[in-house]
Amino acid sequence: MKKQTQPSDGSARAGSRSVRGKNPGRSRAHNRRVVLDLLRSQGQLGRRDLADRTQLSLQAITKIVEDLMQDGLLVARDRRRGSRGQPPLQYALDPAGAFTIGIELAVTRMVITVVDLGGAVRFQEIRTLGSLDPALLIPLMAAEVTALRGLHPGKLIGVGLVMPSPFEFDGLSVNGPTTLTGWAGIDVAADLSARLGIPVELENDANAAAIGETLLGVGRTLGDFAVIYFGTGLGLGIVADDTLVRGAFGNAGEIGHIVVVPGGRPCTCGQSGCLERYASPHSLREWLDACGVPSGFDDLARLMTERDVALLDWICEAASHLSPVVAMLENILDPQTIVFSGNLPDTLLDALIAGLTLAPSVSHHDQRSVARVIRGHAGQITASLGAAALPLHTAITPRLDLADAAPIPILPDGATP
């Protein structure tokens, strides 16, 4: 599978933010993103407030607002009360103005999510896969997007696609029960984009989960955090100073193949004792299958309610291996928090967090405003939601590297980018 890399500048933190624009005309794309990002985080603002917070001229803001309303991305709200004279109009993102589609392609399933411009989930579907053949799945994904495109109001900004990593890494085998076999060398994003006539962005599942948390989840008020993502295997998404950390080849955060038990259980990557062999959903299902206990997602939720002994034993072992890894990540990254998220029931993730025994680290101090480890909010659709957030992230996140680029591509149906 061919990884498409691109530069990414993260947004400023949510809350009372003030993101600076650039007045020169060449920075139009950046300025539009600044305005959209502020309205996403603040709900609604008037033109004067937008000018003050972005340090753009009122004339520039007026032009940007007019353009965004013409594109169908903004809507005028009621005038603000309590001010002297004629109250100013307030502007907000128009949820019906645009939407994105996210697809998570995993080893056993495909998850599809539609998210509107306001971040609300409009559709989601989890489909069990009988085949991983790209010749079958790429046309299937294209057909699903085409069908959904005609069912939702507004313009389709783009499609996000997430798949398990690592991407084309020579040092480790990428064939195994937690990876997609048969996809090496396929530029799936380019193939889908050509079929659909719209932008398609590719990302690994853990990074997509981190982007999803940044825009739509617990990361909205955080600028430095990490997501331990329980997919089929185990991955890590890192946000540092509001920026997603991808690494030189798109494989940053491949913690599933950190050796935690030297000489331990053999791993398909060629090593022994990898963390993924002890603390991933795949290892959990192996454990429960060996005990003769059902291991489907709904089964796991039920087993948690019943306090099943086999499941509790796995949680205890997994937490014992995750604990030093969490402390190591804290010492390396110094995050505001580490988020547990992914394809496990919320009650199980909560039990894993409760089972951690965290050693002192640079994150172990009394000045914390958030716990050292917390749970994300999206559950089974975390990566798919992150996939849908990818084009949204591109469309509304301020990016100075695109200061000379064209404005956000809002394409009419059937148009080619």
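Q: At what angle do helix α1 and helix α12 pack, and how far apart are their axes?
A: Bear in mind that this is a predicted model, where local features need pLDDT of at least 70, side-chain atom pairs count only at pLDDT 80 or more, and totals for chains, interfaces and linings use all residues. Residues are numbered from 1 along each chain as its sequence is written, and side-chain values use heavy atoms, with hydrogens and water left out. Helices (H or I, at least four residues) and strands (E, at least two) are DSSP runs numbered from the N terminus. Axes are lines fitted to C-alpha atoms, for helices over the stretch in contact, with angles from 0 to 180 degrees between N-to-C directions. Here α1 (residues 28–42) and α12 (residues 382–396) pack at about 120 degrees, axes 7 Å apart. That makes α1 oblique to α12, because angles under 35 degrees count as roughly parallel, over 145 as roughly antiparallel, 65 to 115 as roughly perpendicular and the rest as oblique.

Q: Which residues of α1 and α12 meet?
A: Contact means heavy atoms within 4.5 Å. From α1 come R33, L36, D37 and R40; they meet T394, A395 and I396 of α12.

Q: And the sheet: what is the strand order?
A: Strands of a sheet pair through backbone hydrogen bonds, either parallel or antiparallel. Two strands pair if DSSP finds at least two bridges between them. This open sheet has five strands with mixed pairing, ordered β5-β4-β3-β6-β7. Its edges are β5 (121–128) and β7 (200–204), each pairing on one side only.

Q: In which sense do β3 and β6 pair?
A: Parallel, over seven bridges. A98 stands opposite K155 in β6.
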